[in-house]
Amino acid sequence: MNKLPRVECPQCTRAIAAGLVAGRLTKGRLWRHDAPDARRGPDGTLVSCAGSLAIVDLPTTGVQLAIDLPEPEPEFGPLDTEPLF
């Protein structure tokens with residue numbers, strides 16, 4: 001299982017998961033997270049950190065996800081091939 005890299009938020013300095021930004025393998029977008037000192041507004045609504053959804057540099061470059069799948073077995077045994085022409 002692959003995990004998203006953790007990057008320090010520029011606002012609250014907490015380690016937050018960052019997902020890849022399409023077309024920019026060295027950049028990531030921080031996941032939305034609560035501000036450490038203001039979890040709720042005066043009306044009781046959740047308050048996100050000002051650094052939420054910011055685009056940051058990733059600690060390592062993005063890599064293509066690789067999935068190891070078993071080789072499929074032929075249904076009818078080995079096939080004999082003949083030239084078409």
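Does D57 count as buried, partly exposed or exposed, and at what relative accessibility: which class applies? D57 counts as exposed because its relative accessibility is 51%; buried means under 20% relative accessible area, exposed over 50% and partly exposed in between, with a 1.4 Å probe and protein chains only.

The model is predicted, so local features need pLDDT of at least 70 and side-chain atom pairs count only at pLDDT 80 or more, while totals for chains, interfaces and linings use all residues. Residues are numbered from 1 along each chain as its sequence is written, and side-chain values use heavy atoms, with hydrogens and water left out.**View 1. The salt bridge between D57 and K27.** The structure holds one salt bridge, a term for a side-chain nitrogen of Lys or Arg within 4 Å of a carboxyl oxygen of Asp or Glu. The side chains of D57 and K27 form this contact, at 2.5 Å from N to O. The pair links distant parts of the chain, with D57 in strand 4 (residues 55–57) and K27 in strand 3 (residues 24–30), 30 residues apart. K27 counts as partly exposed because its relative accessibility is 21%.

**View 2. The four-stranded sheet.** The protein chain has zero helices and four strands; helices (H or I, at least four residues) and strands (E, at least two) are DSSP runs, numbered from the N terminus. An open sheet of four strands has the order 1-2-3-4 with antiparallel pairing, where two strands pair if DSSP finds at least two bridges between them. Strand 1 (6–8) and strand 4 stand at the edges with a single partner strand each, so one side of each is left without a neighbour in the sheet.

**View 3. Strand 3 beside strand 4.** These two strands run antiparallel and are joined by three bridges. G28 stands opposite V56 in strand 4.

**View 4. The largest nonpolar core.** This core has 10 residues: V7, C9, C12, I16, A18, L30, A35, C49, V56 and L58. A nonpolar core is a set of buried Ala, Val, Leu, Ile, Met, Phe, Trp, Tyr and Cys residues joined through side-chain atoms within 4.5 Å. Leaving aside residues up to four places away in sequence, V7 touches R14, A15, I16, A18, L30, V56, D57, L58 and P59; contact means heavy atoms within 4.5 Å.
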